[in-house]
Amino acid sequence: MSRKSFGPTRSARLLLSAAAVGAATLLGAALPLQVATAAPLRWAAQNDVLTLDPHSQNHSTTNAISMHAYEGLTRYDRQYQVEPSLATKWTQTGPTSWRFELRKGVKFHDGSPFTADDVVFSFHRIKQPVGTMHPFVAGVADIKKVDSHTVEVTLVAPNPILLRQFVDFRIMSKTWAEKNKAINLPDFKAKEETYATRNANGTGPYRITGWQPDQRITMVQNKDWWDAKNATNVDEVIYTPIKSDPTRVAALLSGDVDLLSDIPTQDVGRLKSDAKLTVLEGSETRTIFIGMDQGSEQLKGSNVTGKNPFKDKRVREAMSLAIDREAIKRATMRGLSVPAGIMVAPGVNGNTPDIDTPTKVDGERAKKLLAEAGYPGGFEVPMNCPNNRYVNDEEICLAVVSMWSKVGIKARLQTESFSTFSPKLQAFEYPLFLYGWGVPTYDALYTMQSLARTRAGGADGSGNYFRLSDAKLDQIIDAAKVEGDVGKRNALLKDGLVRIRDEVFFIPLHHQVRPWAMKKNVTTPHRSDDRPEARFTTIK
C-alpha cells in the first residue's frame, strides 16, 4: 500500500492569518485514540542526534528527538497549522508587541512547575552566540514576565511568522538548568558539554531516559503530560541510528524496527512490494546543495594561490553548469529527487514553479567560463561531504566530483560522519562542501536569513558558513523580515531567491524526497519536515 503526502503548499496569507488568530482553539488537533494496549515504537534512521540540549544545534534529527521532550509556546497540528502548546492564547497588543498567556498546571518531567520564569530564561539562553537555534527567536528584542503565567514579547520590528518560529523555541526549566550548572550553552564546535548535553527535562509527551551516542535513545511516555486527551498508545520510543543501508533495511524486514524514516533509494521498490509493510511517499522541505567559501582571500587546500576562485561568479556558474541534475536523479537517486533551481522546496512559501527551474548541464559553456575567469585548465580544491546525513549524500558527492572533473575541476573528496562534519563546518574549515537545508517555518525567509544574509550575530547569517556577503541581498532580506503586506512580502521573497539563483551564491542540486517505511500495524502521517511524531502514531 502506498500513500502520497507532499508538504503543505503554504502562502504568506496563511502564515499571516495564523499569526493573527488568537489561537484559543486547537486547530485540527488529533482525536483521542481508542487504543488501549500500550506498545513501544522502534524507530531507526541513519544519523544520530548531535546533542540533547534544545538550544544548541539546529539539526533536523536533533530537533525531531528534542520535540518529544521539549515544547514550544506553539506547535503544529497535522496540517501544519499553528496551535497552542505551552501558551494557550496570544494577543498582538501593538505592531511590535505580543502578550502570551501560558498554560497553567504544567509540570516539567522532574515535577517542577512551568512558569513565565522558564520562558524568559529560555529566551536568553537560546540567544547565546555559541548556539545555532537563533532563527527561532529571530527579530525578538526581549521577553519579559508580566506575572507567573503571562509574558510580554517585544519585537525589533513587525514579524509575520513569529508564531511559526516559536514552534522550535523550546522551553527549558530555569531551576533545573541552575541546579545542574547548565545555564550557559556549551560551544559545540569546541566539543564542550554540559549536563543538558546528555540529559533532558522538558514538559513534552515523552521523557528521555537515556542516550548512548551512535547506539540508541530511549524515551517513555510522560503520564503527566498536560495534553492527555491526545496521548497515543505508544508508551515507549527507542530511536536507533543505523548508518549502514543494508543493516537498516534488514532491521525493518526482520521486525527489529517498526519505523524507518531513512529508506535507501535502491530498496524503496522492494519495500513497497512487501505485504508486511506500508511505505509512505512524500517530499521533504529540504534542498540539497553545494556550498562554497566565497569570502576568504585564498582557499584552504587549493592549488590556486593568492586568490579565491569562488569569488568569481563565472567559476560558480561553471561548476553549476557542469552538474547533470537529471543524471543524479536517474542514476544516483533512482528517481527519488526533484532537481532544484532555487534554495527552497515546493511547499515552502516563496517557491513557485516559474523560478524553480534547474540549471541544465552544459559542459562546453562551463569550460569557456572557467577559461574566461583565468582557469583554462581548471583547479584543485578539497570537497567535504557527510556520509550519513542526507539521502545518498556520499554517492551524490561522488557523482558531482566526477562531473566537475570533466571540465577540469579536481575536487578531492573527503567524507565523514555528520557528527564530526558539523563542528568542522561551523568552524569554517571547509572551502567546498555538500549541505542540506530544511525549512521548519515553511517560509523562505528562514533559508535566506540563515544562509544568505551577511553574518551579523543572532539569526542573521547563523548558518552562513560560506562567508557570503551581498549588500543588495541583505537589503532584500531585511525588508522581508518586517513587511506585513502579503503581496509586497512575497515579491521580496521572490527577488531574494532569484538573486541567489542568478548570482549562483549556492549550487542547488535537488529537493529531497523522503519516503518512510513501517510495519503494517503502525499508523503515522508522513511529515514534510522529516520529523516523525509519536503523538500522531498508533500501534495495533
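**Close-up views of a predicted model**

**View 1. The buried residues of helix α10.** In helix α10 (residues 325–332), the buried residues are Arg 325, Ala 327, Ile 328 and Thr 332; buried means under 20% relative accessible area, exposed over 50% and partly exposed in between, with a 1.4 Å probe and protein chains only. Seen down the axis of α10, these residues fall within an arc of 155 degrees, so they line one face of the helix. The arc is that of the directions from the helix axis to the C-beta atoms. An α-helix has 3.6 residues a turn, so residues three or four places apart point the same way. The cover over the buried residues of α10 includes α9 (313–321), β15 (337–339), α12 (393–405) and β19 (507–513). Helices (H or I, at least four residues) and strands (E, at least two) are DSSP runs, numbered from the N terminus.

This is a predicted model: local features need pLDDT of at least 70, side-chain atom pairs count only at pLDDT 80 or more, and totals for chains, interfaces and linings use all residues. Residues are numbered from 1 along each chain as its sequence is written, and side-chain values use heavy atoms, with hydrogens and water left out.

**View 2. The crossing of α10 and α12.** The two axes come within 11 Å and cross at roughly 140 degrees; axes are lines fitted to C-alpha atoms, for helices over the stretch in contact, and angles run from 0 to 180 degrees between N-to-C directions. That makes α10 oblique to α12, since angles under 35 degrees count as roughly parallel, over 145 as roughly antiparallel, 65 to 115 as roughly perpendicular and the rest as oblique. Ala 327, Ile 328 and Thr 332 of α10 meet Glu 395, Ile 396, Ala 399, Val 400 and Met 403 of α12, where contact means heavy atoms within 4.5 Å.

**View 3. The packing of α14 and α16.** Helix α14 (residues 445–452) and helix α16 (residues 486–502) pack at about 45 degrees, with their axes 10 Å apart. This angle makes α14 oblique to α16. On the α14 side, the contact is made by Leu 445, Met 448 and Ala 452, and on the α16 side by Arg 489, Leu 493, Gly 496, Leu 497 and Ile 500.

**View 4. The surroundings of Thr 285.** Thr 285 lies in strand β14 (residues 283–292). At 3% relative accessibility, Thr 285 counts as buried. Not counting residues up to four places away in sequence, Thr 285 touches Ala 345, Pro 346, Val 348, Trp 437, Gly 438, Val 439, Tyr 442, Ser 528 and Asp 529.
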